[in-house]
Amino acid sequence: MRIGELARLTAVSERSLRYYEQQGLLEATRTPGGHREYPPATVDRVIRIQELFAAGLNSATIAELLPCMRDADGGPAADATPWLEQELIAQRDRLDRAIGDLARSREVLDDVIKAATNR
C-alpha cells in the first residue's frame with residue numbers, strides 16, 4: 001500500500017509516517033516511480049508505534065524496543081531480550097509515577113470544587 005492509504009488506515013499523517021521511516025521505525029520499498037510502498041502488516045506496526053508514543057516513549061527508545069516486541073501473530077519476537085523486560089518495566093514505573101501525580105492533582109481539584117460549591 002502507498003503512504004496515503006497507510007495514513008488513512010491508521011489516522012496518522014503522511015508527514016508522521018515519513019518521520020517514522022527517517023527514525024528507523026518503518027521500512028518502505030520504492031516503486032520505479034519513487035513512491036513508498038508498505039506491506040499490510042505496517043498498519044499494526046504504526047498502531048503499536050502510536051501506542052508507544054502515547055505512553056510517553058521517544059522515537060529513539062521505540063526504535064530500540066520494536067525489534068524485540070511481539071510479532072503480529074502474538075508470539076514472542078526472536079530478538080526479545082532481558083533488556084526489553086527491564087526497559088518496559090522502567091517505562092511502566094514512569095507511567096505509574098505519572099498516574100500517581102495526576103491522581104493527586106485530581107484530588108486537589110476535587111477539594112477546590114467542593115470548597116467552591118459549598119459557599
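Author: A helix here is a DSSP run of H or I with at least four residues, numbered from the N terminus. This is a predicted model, and Ala11 gives us a place to start: just after H1, Ala11 takes a positive phi of about 60 degrees.

Reader: Staying with H1, which of its residues are buried?

Author: Helix H1 covers residues 3–10, and its buried residues are Ile3, Leu6, Ala7 and Thr10. To be called buried, a residue needs a relative accessible area under 20%.

Reader: What makes you say how those residues are arranged around H1?

Author: Looking down the axis of H1, the buried residues fall within an arc of 100 degrees, so they line one face of the helix. Their packing partners are H2, strand E2 (36–37) and H3.

Reader: Why does the pair Glu14 and Arg18 count as a salt bridge?

Author: The cut-off is 4 Å between a side-chain nitrogen of Lys or Arg and a carboxyl oxygen of Asp or Glu. For Glu14 and Arg18 the closest N and O atoms are 3.8 Å apart, so the pair meets the definition. Both residues sit in helix H2, four residues apart, which is about one helical turn.

Reader: And what makes Glu14 and Arg18 partly exposed?

Author: That label covers values between 20% and 50% relative accessible area. Glu14 has 34% and Arg18 has 33%, so each belongs in that class.

Reader: How many salt bridges does the whole structure have?

Author: A search of the whole structure finds three. In another of them, the side chains of Glu21 and Arg36 meet at 2.7 Å, N to O. Glu21 belongs to helix H2 and Arg36 to strand E2, so this pair ties together parts 15 residues apart in sequence.

Reader: Where do Arg104 and Asp101 lie?

Author: Both are in helix H5 (residues 82–117), three residues apart, about one turn of the helix. Arg104 has a relative accessibility of 48% and Asp101 one of 42%, so both count as partly exposed.

Conventions:
Residues numbered from 1 in each chain as written. Predicted model: local features only at pLDDT ≥ 70, side-chain atom pairs only at ≥ 80, totals over all residues. Heavy atoms only, no water. Buried < 20%, exposed > 50% of the residue type's maximum accessible area, 1.4 Å probe, protein only. Helix = DSSP H or I, 4+ residues; strand = E, 2+ residues; numbered from the N terminus. Arc of directions from axis to C-beta. Contact = heavy atoms within 4.5 Å.
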